[in-house]
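Look at the chain below before reading on.

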Amino acid sequence: MAESKSIVLASQKPALGQIEVAPEVIEIIVGIAAKQVEGVYSMRGSLASSLNELFGRKSRGKGIKLEQDGDTLSVEIYAFLDYGVSVPKVALEIQEKVKQQLLFMTGLELETVDVYVQGVVPEKQTQSVDPDDLFGEENGDNK
């Protein structure tokens, strides 16, 4: 998903040395920030990440594509949203939350944050069974 090149952070005191962050760390920060937005159901993942989650290992960077072009960073976010939410509003919140969180945690500014809505997921319908009326009979009438 990410390039193998580390991202160098601007240091307040360059005499101490440089700080490098792996692209995977940026993807994880972006993924967690995007998932925290209300209305985001999940992030798009691959078969491998789905299998990892099946065995209890979360893939926090799934659905994120990071691109570095010289000194500029861009991110693409692929998400599934909850049914009934305002898609433009949630997408804008994702963009703002991701930019803000990445700036806060790393000092990096993103050139662009592109959000791709991959689908909407309807609320899960739960069918409740009344233990006193298992077969749906009213007033105890047997037929």
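A helix axis here is a line fitted to C-alpha atoms over the stretch in contact, and angles run from 0 to 180 degrees between N-to-C directions. Helices (H or I, at least four residues) and strands (E, at least two) are DSSP runs, numbered from the N terminus. This is a predicted model, in which local features need pLDDT of at least 70 and side-chain atom pairs count only at pLDDT 80 or more, while totals for chains, interfaces and linings use all residues. Residues are numbered from 1 along each chain as its sequence is written, and side-chain values use heavy atoms, with hydrogens and water left out.

The protein chain has three helices and six strands. Read from the N terminus, their order is β-β-α-β-α-β-β-α-β.

Take helix α1 (residues 23-35) and helix α3 (residues 87-106): their axes come within 9 Å and cross at roughly 135°. Angles under 35 degrees count as roughly parallel, over 145 as roughly antiparallel, 65 to 115 as roughly perpendicular and the rest as oblique. The two helices α1 and α3 are therefore oblique to each other. On the α1 side, Ile26, Ile29, Val30, Ala33 and Ala34 meet residues of α3, among them Ile94, Val98 and Leu102; contact means heavy atoms within 4.5 Å. By class, this contact of α1 with α3 has nine nonpolar, two polar and one charged residues. Nonpolar covers Ala, Val, Leu, Ile, Met, Phe, Trp, Tyr, Cys and Pro, charged covers Asp, Glu, Lys and Arg, and the others, Gly among them, are polar.

Next come the strands β4 (residues 64-69) and β5 (residues 72-82), which pair in the antiparallel sense over six bridges. Two strands pair if DSSP finds at least two bridges between them. The bridge partner of Glu67 is Ser74 in β5. Two residues lie between the strands of this hairpin, and Gly70 takes a positive phi near 70°.

Strand β3 (residues 40-43) holds Ser42, and Tyr41 is also placed in β3. Which of these is buried, and which partly exposed? Buried means under 20% relative accessible area, exposed over 50%, and partly exposed in between (1.4 Å probe, protein chains only). Ser42 has a relative accessible area of 18%, so Ser42 is buried. Tyr41 is at 45%, so Tyr41 counts as partly exposed. Leaving aside residues up to four places away in sequence, Ser42 touches Lys35, Ala79 and Phe80. Tyr41 and Ala79 are 38 residues apart in sequence, and their C-alpha atoms are 7.5 Å apart in space.
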